[in-house]
Amino acid sequence: MNNSITCRTTAENTVDGNQRFDGVDLNALARDVGTPSHVYSATAVRQRISELQAALRGLDAEICFAVKANSNLAVLQLMNEAGVGADIVSIGEMQRSLKAGIPATRIVFSGVGKSEDEIAAALLAGVSRFNVESHDEFQTLQRVACAQQRIANAAVRINPDVDAQTHAKISTGKSENKFGVSIDEARRWFAGSARHSHVRLDGLHVHIGSQILSLEPYRLALDRVAGFWRELVQAGHPVNSIDVGGGLGVCYHAGTDRPMTATDYVDVIRAALAGYHGKLLLEPGRWLVAEAGLLLTRVIRVKHGASRNFLVLDAAMNDLARPSLYDAWHDIVPVHGDPGRPVTTYDIVGPVCETGDTFARARELPECAAGELLMIRATGAYGASMASTYNSRPLAAEVLLDRGRYAIVRRRQTFEDMIAGEQPAQNWQTP
Ligand SMILES: *Cc1c(COP(=O)(O)O)cnc(C)c1O
């Protein structure tokens with residue numbers, strides 16, 4: 001058994017060859033909402049959540065969705081409805097989470113660059129835990145908590161010096177990465193924690209990277225964390241929370257990427273932390289939402305270049321940055337199946353004026369014409385949340401599907417929305 005939720009649970013072919021996603025005909029949807037549009041299946045998100053919750057049964061565990069993967073309010077509401085909390089890396093993400101109904105008591109705050117203002121706002125809002133990444137941040141937290149006369153709950157983010165065997169730009173658990181502190185440094189924090197009157201340092205945190213497809217890096221990292229936890233307990237420092245981060249990989253390339261199951265992943269956690277009875281926190285982002293999303297886009301034109309055929313889409317790197325940022329593979333298929341069509345090789349590109357605005361090189365696809373509706377798959381994570389308006393392209397619409405129905409959860413940006421806040425240089429001042 002590999003991935004019990006396959007890549008394609010919610011995309012089915014209909015009799016006329018049109019693809020449905022969560023019971024919605026994608027051709028009809030594209031006519032209604034236009035392209036490019038980010039489309040999410042509520043059913044697929046719920047399935048992922050319940051699969052992970054089932055794997056965690058019997059543990060005192062809490063899932064905190066990494067908001068940066070998909071910060072749309074409607075998606076955060078789905079999380080909240082299923083009892084999932086939030087892992088945030090900015091106050092903007094905290095505000096989104098709270099607005100979606102996620103209580104502060106189910107929010108954890110991670111990140112190397114929390115500013116003093118952000119720490120103060122999060123403490124005031126009552127977020128449950130700070131994942132602290134440097135000694136300077138530890139001291140800032142103490143200072144802010146003291147000023148507010150509150151006790152801040154803190155976990156130290158351990159950098160376990162483990163290679164997550166993923167793309168270098170999403171690897172975070174090697175000693176050369178900016179994240180976390182060494183176990184040696186963390187040991188000193190606990191030894192001196194009595195000096196921090198307003199910080200309760202009683203948690204460990206680790207997050208080694210993203211799009212991890214093998215259990216081995218998790219085993220290594222968790223063994224190091226577990227060893228440290230046992231040492232701390234023996235030294236008289238109670239450990240009440242262990243946050244094992246996120247990073248679970250998904251299937252971007254059908255037939256090639258083989259994600260682990262939730263059960264296999266949780267079994268590694270159970271084995272590494274045997275005998276631990278405190279709270280367990282998990283911060284998956286990508287795994288909960290990536291395969292629940294697709295980017296609907298139309299072919300603007302087919303360009304026959306000197307050496308290559310280009311399929312020019314109405315979606316671009318500003319809508320989905322992963323291919324240009326990480327050379328990431330996304331499966332791209334026509335919405336209309338039509339198995340009789342001959343296959344051609346295309347470079348699939350967007351209209352942005354950058355060579356990097358390329359979704360795929362030398363990709364085999366059924367022959368396409370202008371107007372063809374395509375879907376770029378598994379774009380539910382790090383898609384819309386990374387989007388920009390580069391080349392003055394308005395942000396795409398975001399649409400949530402749920403068993404045959406759809407709701408627009410972010411309207412397509414208008415030109416007026418896009419330039420809101422900009423103004424001519426008029427009221428000159430001196431600082
Ligand atoms: C980004 C991030 C996550 C989520 O990572 P995924 O690969 O999307 O699961 C979890 N924890 C922290 C601290 C992060 O920075």
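How far apart do the C-alpha centres of domain 1 and domain 2 lie? They lie 32 Å apart. This is a predicted model. Its chain is divided into two parts: domain 1 covers 42–288, and domain 2 covers 291–418. The points below follow the interface between them.

**Extent of the interface**
- On the domain 1 side, 23 residues are in contact with domain 2, which contributes 21 residues of its own.
- About 2,000 Å² of area is buried between domain 1 and domain 2. Carbon and sulfur atoms give 50% of that area.
- Three residues stand out on domain 1: N72, Y252 and R286. Together they supply 28% of the area that domain 1 buries against domain 2, more than any other three residues.

**Polar and charged links**
- Two salt bridges are found across the interface of domain 1 and domain 2.
- The side chains of R48 and E291 form a salt bridge, with N to O at 3.5 Å.
- Polar contacts across the interface of domain 1 and domain 2 come to 14 residue pairs, with both residues at pLDDT 80 or more.

**The domain 1 side**
- Which elements give two or more residues to the side of domain 1 that touches domain 2? They are α2 (42–55) and α3 (73–81).
- The largest share comes from α2, with six residues on the side that touches domain 2.
- By residue class, this side of domain 1 holds eleven nonpolar, seven polar and five charged residues.

Key: Residues numbered from 1 in each chain as written. Predicted model: local features only at pLDDT ≥ 70, side-chain atom pairs only at ≥ 80, totals over all residues. Heavy atoms only, no water. Domains from an automatic or database assignment. Contact = heavy atoms within 4.5 Å. Buried area = accessible area lost by both parts, 1.4 Å probe. Salt bridge = Lys/Arg side-chain N within 4 Å of Asp/Glu carboxyl O. Polar contact = N/O pair within 3.5 Å; in protein donor to acceptor, adjacent residues only side chain to side chain. Helix = DSSP H or I, 4+ residues; strand = E, 2+ residues; numbered from the N terminus. Nonpolar A, V, L, I, M, F, W, Y, C, P; charged D, E, K, R; others polar.
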